[in-house]
Amino acid sequence: MNKPIIALDFSSKQQVEEFLSRFNEPLFVKVGMELFYQEGPDLVRTIKAMGHDIFLDLKLHDIPNTVESAMRGLAKLGVDLTNVHAAGGVEMMEAAKRGLSGSETKLIAVTQLTSTSEEQMHSDQLIAASLHDSVLHYAKKAKQAGLDGVVCSVLEAAAISEACGESFMRVTPGIRPADAAADDQKRIATPQEARLKGSTHIVVGRAITKSENPAASYGQIKNEWSGLL
Ligand SMILES: O=c1ccn([C@@H]2O[C@H](COP(=O)(O)O)[C@@H](O)[C@H]2O)c(=O)[nH]1
């Protein structure tokens, strides 16, 4: 079983270094907008040089030409995984993939954010379909564009596996230990549910980064995710 991806939602290099110093093993970490917009590509290179795998979660969504050029730049960072919004369309996703060509970086698409409920999707996005069908639709479009997988909640993971194939990545945020607060997330699940319901990867932020003992919380989540608990 692969490692849980830890969301490094910090605003400075200092906080990241302090956090990572608590671990004695190579991790799979996620660098998102908060950190990237403060510290930029240099910190990505530093984390990579420390031996950690990186998911660069910048969720690109723009016209195809802009996304292709941006991805050409990101390809040079040597990250393991990055992403776009599927709502940008098949043409944009194909352009993103072209931008990454020649690199080892895998590309996935955000379907519907795990902070979005069905009601919000209907009213904010004026999508009449069910949230499940919208996610599945975006996953099929990402597959059509040649992407490696999608970001989805646990609730859609099994249907995506069936429609797009088992090897198509289902990267799942909104992971919470049982009894933890949902915060701003709407479609949440425990690490165990994610394993049993077909996610291929889990992304965990606050349950680890805000913990009094991040290494212990990570260990517990990792064990639950890999079925050792
Ligand atoms: O649909 C999505 C896409 C990305 N995220 C990101 O994952 C983490 C989740 O953090 P938690 O503290 O565990 O809620 C965060 O960095 C988001 O930007 C997501 O939650 N949902």
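Modeller: In α10, the buried residues are Y218, I221, K222, E224 and W225. Buried means that 20 or more other C-beta atoms lie within 10 Å of a residue's own; exposed means 12 or fewer, partly exposed is in between, and C-beta atoms are placed from the backbone. Looking down the axis of α10, you find its buried residues within an arc of 165°, so they line one face of the helix. That arc is taken from the directions from the helix axis to the C-beta atoms.

Two notes on reading this: residues are numbered from 1 along each chain as its sequence is written. The model is predicted, so local features need pLDDT of at least 70 and side-chain atom pairs count only at pLDDT 80 or more, while totals for chains, interfaces and linings use all residues.

What covers that buried face? The cover over the buried residues of α10 includes β1 (5-7), α8 (191-196), β8 (201-204) and α9 (206-209). Helices (H or I, at least four residues) and strands (E, at least two) are DSSP runs, numbered from the N terminus. Covering rests on contact: two C-beta atoms, placed from the backbone, within 7 Å.

Now the length. Helix α10 covers residues 214-225, and its 12 residues should span 16 Å at 1.5 Å a residue; the end C-alpha atoms are 16 Å apart, which agrees. The expected span is 1.5 Å times one less than the number of residues. After α10 comes G227, with a positive phi near 85°.
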